[in-house]
Amino acid sequence: MTGPDDRPTPHLVVDADLLAANVAAMAGFAAERGLALRPHAKTHKSPDVARLQLDAGAVGLTVATVAEAEVFAAAGCPDLFVAYPLWVDAAKGARLRDLAASATVSVGVDSVEGARALAAQLPGASVLVEVDSGQHRSGVLPTEAGPLAESAARTGLDVRGVFTFPGHSYAPGAPVDVAAAEAAALRTAAGSLAQHGIEPVVVSGGSTPSAAAADADVLTELRPGVYVFGDAQQWELGTVDPAAIALSCVATVVSHAGGNLVLDSGSKALGADRAAWATGYGRLLDHPDARVTQLSEHHAVVAWPDQELPQVGGRLRVVPNHVCNAVNLADELVVVRGGETIGVWPVAARGANT
Ligand SMILES: Cc1ncc(COP(=O)(O)O)c(C=O)c1O
């Protein structure tokens, strides 16, 4: 295999040893607490990474779309949860029926209409009721979980339990309190199901920032995704050690215009995410005091901490703010160990958004 410096930039590089360590650490954490681990595969979109997670004990994968489920089922993953309130029309129903022939599939529901549409296409489908634990995105109130579960069961669906995504953990200082809110919401929701005659078997939560504080007395399952690579958001939240960040974007210094450092890793390589609290559009893996301060499609302007800028033509490793979006912009992940390229993994579920 060639060395990574032979490839045109920008490209995404994954450190095989750090990746393996992240996979093992989350698997060990979940096992110690008696939690099933169902990593979200939207982060890596890679059957090769999924295989590592499943080999380390993951019970299955979480996906966001039917198209992602199709990619991972075709790659041999036997158990998939579409953690999304799908609207299942005839075309999606046909795809779900095909999927169900090769994998165990469960789906999120958060409305009676959604449950009815799913039941019409896939009678007896396994579902989890989605609950809003404070992010205010999708999901019913925890107290409404039981009534919805009862309606879903009446349409013939197999209601297996409840799930939430505590996405408001993405704020400085928030993860511990948000994990408590997640547990409270899931406890109420599970109780609500029981009051309506449905015993919840699965109580599923988890985001990467809140995973370490997940309440194993309430949850049965964790669904973190970003942990597998880490990114600049986790670095800034303090929820992933920068030394554990396994993915970076190799970029070339293309300009010193105006005394600035300019790289070729623009928003079409890094993604354009920038949370209100983020200190920039990305970080430099080997230069913690540098910040990507300006981003256009093919330019990343970097505030450099020293007088002397790295030379034009040199290469630097940029950590995207939100790794899931950066991966979705790449065709492949270049896998390295000790400076040598040991593999190239296709981002097989890239753009699998339907
Ligand atoms: C429903 C759901 N579950 C799990 C996750 C994984 O969380 P994270 O991206 O923090 O690892 C996400 C992320 O967006 C999600 O939307």
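Which residue has a polar backbone atom 2.6 Å from an oxygen atom of the ligand? Select G225 to see that backbone atom.

This is a predicted model, where local features need pLDDT of at least 70, side-chain atom pairs count only at pLDDT 80 or more, and totals for chains, interfaces and linings use all residues. Residues are numbered from 1 along each chain as its sequence is written, and side-chain values use heavy atoms, with hydrogens and water left out.

**The ligand**

Next, select V226. One of its polar backbone atoms is 2.9 Å from an oxygen atom of the ligand. Now select R137. An N or O atom in its side chain lies 3.0 Å from a ligand oxygen. A polar contact here is a pair of N or O atoms within 3.5 Å.

Taken alone, the ligand exposes 380 Å², and the protein buries 93% of that. These areas come from the Shrake-Rupley method with a 1.4 Å probe.

Show the shell around the ligand. Its residues divide into 6 nonpolar, 5 polar and 3 charged. Gly counts as polar, and Arg as charged. Of the 14 residues around the ligand, Y170, T208, R223, G225 and V226 come nearest. A residue is near if one of its heavy atoms lies within 4 Å.

**The cysteines**

Move on to the cysteines. How many disulfides does a search of the whole structure find? The search finds 0. A disulfide is a pair of cysteine sulfur atoms within 2.5 Å. Select C77: the nearest cysteine sulfur, that of C324, is 17 Å away. C77 is buried, with a relative accessible area of 3%. Buried means under 20% relative accessible area (1.4 Å probe, protein chains only). Finish at C324. The nearest cysteine sulfur to C324, that of C249, is 15 Å away. C324 also counts as buried, at 5% relative accessibility.

Technical notes: A polar contact is a pair of N or O atoms within 3.5 Å; within protein, one must be able to donate a hydrogen and the other to accept it, and residues adjacent in sequence count only if both atoms are side-chain atoms. Buried means under 20% relative accessible area, exposed over 50%, partly exposed in between (1.4 Å probe, protein chains only).
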